[in-house]
Amino acid sequence: MEISKVIFVNELGDERGKLAVIESNQLIPFIINRVFYIYGTKGEVRRGFHAHHKTRQALICVSGNCKVYLDNIKRKTDVLLDSPTKVLILEPNDWHEMYDFSVDCVLLVLASHLYDAEDYIRDYEKFKEVYGG
Ligand code: T46
């Protein structure tokens, strides 16, 4: 299993403004089958609280900022997403929680699989059983 990591998209731009490009299976290491975005989240709200069996995701704050707590049992860390060029490649084996949303935060998520509720591990004890080795 790969390890979640932060990568950066090239910023293209000219006098008119900026533009960033993400192509399926190029910079991000999977084919994009689903796109969703999280917005209007209250600053004190924490969401996520799950891992996945197979879905890989790329998280980008295209507006504003938020933080993501990651726990793959071997390491626990927090990632600040504060730029439209900063991409968190989130592997399925990371328990994740998103928090500290700015008012203007729009968190764009590119996912490797279509939505499937069965792909979620929402119980932390089960998560440790599945990924604890
Ligand atoms: C993740 C983090 C980063 C759907 O019907 N289809 C979808 O594609 C998605 C993503 C969600 N939903 C429904 C399921 C729930 O009834 O929308 C509702 C909210 O989803 P959830 O509570 O899972 O949202 P978050 O913010 O906790 O997690 C989401 C993604 O679900 C998840 O894959 O990794 O963002």
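In this predicted model, Val-21 lies in the loop that runs between β3 (17-20) and β4 (34-39). The residue is partly exposed, with a relative accessible area of 39%, and since this value is over 30% it can count towards a surface patch. Such a nonpolar patch is formed on the surface by Val-21 together with Leu-12 and Leu-19, and the accessible area of these residues together is about 250 Å².

The strand β4, at which this loop ends, belongs to an open sheet of 5 strands, whose order is β1-β9-β6-β11-β4 and whose pairing is antiparallel. The edges of the sheet are β1 (5-8) and β4, each of which pairs on one side only, and from one strand to the next the twist averages 25°. The partner of β4 is strand β11 (residues 106-111), with which β4 pairs in the antiparallel sense over 6 bridges; in this pairing Arg-34 stands opposite Ala-111 of β11.

The largest nonpolar core comprises 15 residues, of which Leu-59, Val-68, Leu-81, Leu-88, Phe-101 and Leu-107 touch the most other members. At least two residues of this core are supplied by each of β6 (57-63), β7 (66-71), β8 (76-81), β9 (86-90) and β11, while the largest share, 3 residues, comes from β7.

Methods: Residues are numbered from 1 along each chain as its sequence is written. This is a predicted model: local features need pLDDT of at least 70, side-chain atom pairs count only at pLDDT 80 or more; totals for chains, interfaces and linings use all residues. Side-chain values use heavy atoms; hydrogens and water are left out. Patches are made of residues with over 30% relative accessible area and no salt bridge: like charges are joined within 9 Å, nonpolar side chains (Val, Leu, Ile, Met, Phe, Trp, Tyr) within 5 Å. Accessible areas come from the Shrake-Rupley method with a 1.4 Å probe; for residues, only the protein chains shown count as cover. A salt bridge is a side-chain nitrogen of Lys or Arg within 4 Å of a carboxyl oxygen of Asp or Glu. Helices (H or I, at least four residues) and strands (E, at least two) are DSSP runs, numbered from the N terminus. Buried means under 20% relative accessible area, exposed over 50%, partly exposed in between (1.4 Å probe, protein chains only). Two strands pair if DSSP finds at least two bridges between them. Axes are lines fitted to C-alpha atoms, for helices over the stretch in contact, and angles run from 0 to 180 degrees between N-to-C directions. A nonpolar core is a set of buried Ala, Val, Leu, Ile, Met, Phe, Trp, Tyr and Cys residues joined through side-chain atoms within 4.5 Å.
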